[in-house]
Amino acid sequence: MNLLKYLLVGFVFGIVLTKSEAVSWYRIHEMFYFESFHMYGIIMVAIATGVLGIQLFKKFKVKDIKGMPVYIQDKEAGNLRYWIGGTLFGLGWALAGTCPGPIFILFGSGFATVGLVLVGALIGTFLYGVLKDYLPH
């Protein structure tokens, strides 16, 4: 039954991203060329939602599905690893025209060529797992 809840949330997330055009290569292209505010607006709403959500989690001491308290660790501001990770993520996003969540949405929508991006993302994830002990954390 728990799996069904996650599947439902995934479907709703996919519908929202598709309807908002956040999975559109054209919208992503516009964003990286600073031609449109559309994607920046979506990103700002996501940031505001995340900040509000985290504050609510902390205020109401939210528990996970198993009843354990959710702990959100504070981040170090200005850390070099965030700059490196953000730069790599942005370059991959600009190059592929999609980020990790929309890969599955696009593939499920019938854009089979995004399967190459999915394979690349899986290889990158595997390589991170192999090399993580040697990377700055």
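Predicted model: local features only at pLDDT ≥ 70, side-chain atom pairs only at ≥ 80, totals over all residues.
Residues are numbered from 1 along each chain as its sequence is written, and side-chain values use heavy atoms, with hydrogens and water left out.The largest nonpolar core holds 13 residues, and Leu-17, Val-23, Met-39 and Trp-93 touch the most other members. A core here is a set of buried Ala, Val, Leu, Ile, Met, Phe, Trp, Tyr and Cys residues joined through side-chain atoms within 4.5 Å. Buried stands for under 20% relative accessible area, exposed for over 50%, and partly exposed for what lies in between (1.4 Å probe, protein chains only). At least two core residues come from each of helix H2 (25-32), helix H5 (100-108) and helix H6 (114-131), with H5 giving the largest share, three residues. Helices (H or I, at least four residues) are DSSP runs, numbered from the N terminus.

Trp-93 is buried, at 14% relative accessible area. Leaving aside residues up to four places away in sequence, Trp-93 touches Ile-28, Met-31, Phe-32, Met-39, Ile-43, Thr-98 and Cys-99, where a contact is heavy atoms within 4.5 Å.

H2 also packs on helix H3 (residues 38-60), at an angle of about 90° and with the axes 8 Å apart. Axes are lines fitted to C-alpha atoms, for helices over the stretch in contact, and angles run from 0 to 180 degrees between N-to-C directions. H2 is therefore roughly perpendicular to H3, a label for angles of 65 to 115 degrees. Arg-27, Ile-28 and Met-31 of H2 meet His-38, Met-39, Tyr-40 and Ile-43 of H3. Sorted by class, this contact has five nonpolar, one polar and one charged residues; Ala, Val, Leu, Ile, Met, Phe, Trp, Tyr, Cys and Pro count as nonpolar, Asp, Glu, Lys and Arg as charged, and the others as polar.

Three aromatic pairs turn up in a search of the whole structure. Rings of Phe, Tyr and Trp (its six-membered ring) pair if their centres lie within 6.5 Å, and count as stacked with planes under 30 degrees apart, edge-to-face over 60 and tilted for the rest. Phe-32 and Trp-93 have ring centres 5.5 Å apart and planes at 90°, so this pair is edge-to-face. Since Phe-32 sits in helix H2 and Trp-93 in helix H4 (residues 80-96), the pair ties together parts that are 61 residues apart in sequence. Phe-32 is partly exposed, at 33% relative accessibility. Phe-34 and Tyr-40 make a stacked pair, with centres 6.2 Å apart and planes at 5°; Phe-34 is exposed at 69% relative accessible area, whereas Tyr-40 is partly exposed at 27%. Ring pairs also join Phe-32, Phe-89 and Trp-93 in a cluster.

Definitions and conventions. Parallel < 35°, antiparallel > 145°, perpendicular 65-115°, else oblique.
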